[in-house]
Amino acid sequence: LSSPSGLTHESHKKDVEQVYLRCSEGSIEWMYPTGALIVNLRPNTSPASYKHLTVCIKPFKDSAGANIYLEKTGELKLLVRDGDRSPSKIYCFGYDQGGLFIEATPQQDISRKITGFQYELMSKGMASDLHTVSAPCRPCSDTEVLLAVCTSDFVIRGSIQDVTNEAEEQESIIHVGVTKLYRQKSKVFQLMGENGNWRGQIKTLLKCGVRPGDGDFLFTGRMHFGEARLGCAPRFKDFQRMYKEAKDKGLNPCEIGPD
């Protein structure tokens, strides 16, 4: 978390402050913005790998007081306009497309303004998976399911307890009861209540039309800005079939106990 403050150079309203970030994910919070802020993302990886990286930013819901631009060799491209209230909107660009230039907008009272956003650096392949609109809505092939089991941030067997639709954000929240936890990168799925049942939430697009239903599924997906995003989710009996077929042929990409 980086938290520069405009009050440190309020008397020099044209000042440009530079911030250097080494982490692959985090957040920026610019309090009382004046002048401009240049955000330099310098991940602890080889510079040769930079061209394979995608940067995504997600503005805070109450972010205000500045415009956010993509800057390269002095040219500015507007990414987020001050006051844009598109809920949960995520802006992504290639690392080699430029850096972030945040310019404060004229304010009568800067003390009421805080500009902020979360950011993530990821491989271009992973980013395209997350932002292909049709991907969460179409069934995965057997090969895609088996690969998802090996590469996803979370893999669980469970049932859909309920679905909450958020029309404003165009998303659905799937409330999952967990039968078996194979893997999770973050503690999204936790023991709940006295009975010791595992529960968790997974988000997907509202347009996918997910509804509560009977039976167990194999839920896979990735963590994105601290939230579990749905990837492949076949019915569990179908996963058992495709896993056995692949294992019998020696084609399963990784081992996982499907029972």
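Modeller: Welcome! In this predicted model, local features need pLDDT of at least 70 and side-chain atom pairs count only at pLDDT 80 or more, while totals for chains, interfaces and linings use all residues. Residues are numbered from 1 along each chain as its sequence is written, and side-chain values use heavy atoms, with hydrogens and water left out.

Biologist: Thanks! How many disulfides does the structure hold?

Modeller: A disulfide here is a pair of cysteine sulfur atoms within 2.5 Å. Cys 56 and Cys 92 form one, with sulfur atoms 2.0 Å apart, and Cys 140 and Cys 232 form another at 2.1 Å. Cys 150 is joined to Cys 254, also with 2.1 Å from S to S. The number of disulfides is three.

Biologist: Which strands does the link of Cys 56 and Cys 92 bring together?

Modeller: The S-S bond of this pair has a torsion of 105° and is right-handed. The two cysteines are 36 residues apart, in distant parts of the chain. Strands are DSSP runs of E with at least two residues, and helices are runs of H or I with at least four, numbered from the N terminus. Cys 56 sits in β4 and Cys 92 in β7, which gives the strands β4 and β7.

Biologist: Is Cys 232 buried or exposed?

Modeller: Buried means under 20% relative accessible area, exposed means over 50%, and partly exposed lies in between (1.4 Å probe, protein chains only). Cys 232 is at 8%, so the answer for Cys 232 is buried.

Biologist: What is the handedness of the link between Cys 150 and Cys 254?

Modeller: Cys 150 lies in helix α2 and Cys 254 in the segment after α3, 104 residues apart. Cys 150 is partly exposed at 23%, and Cys 254 is partly exposed at 21%. With -100° about the S-S bond, the link is left-handed.

Biologist: Where do the buried residues of α2 pack?

Modeller: In α2, residues 142–151, the buried ones are Val 145, Leu 146, Ala 148 and Val 149. Seen down the helix axis, they fall within an arc of 155°, so they line one face of the helix; the arc is that of the directions from the axis to the C-beta atoms. Counting contact as heavy atoms within 4.5 Å, these residues pack against β10, β11, β14 and α3.
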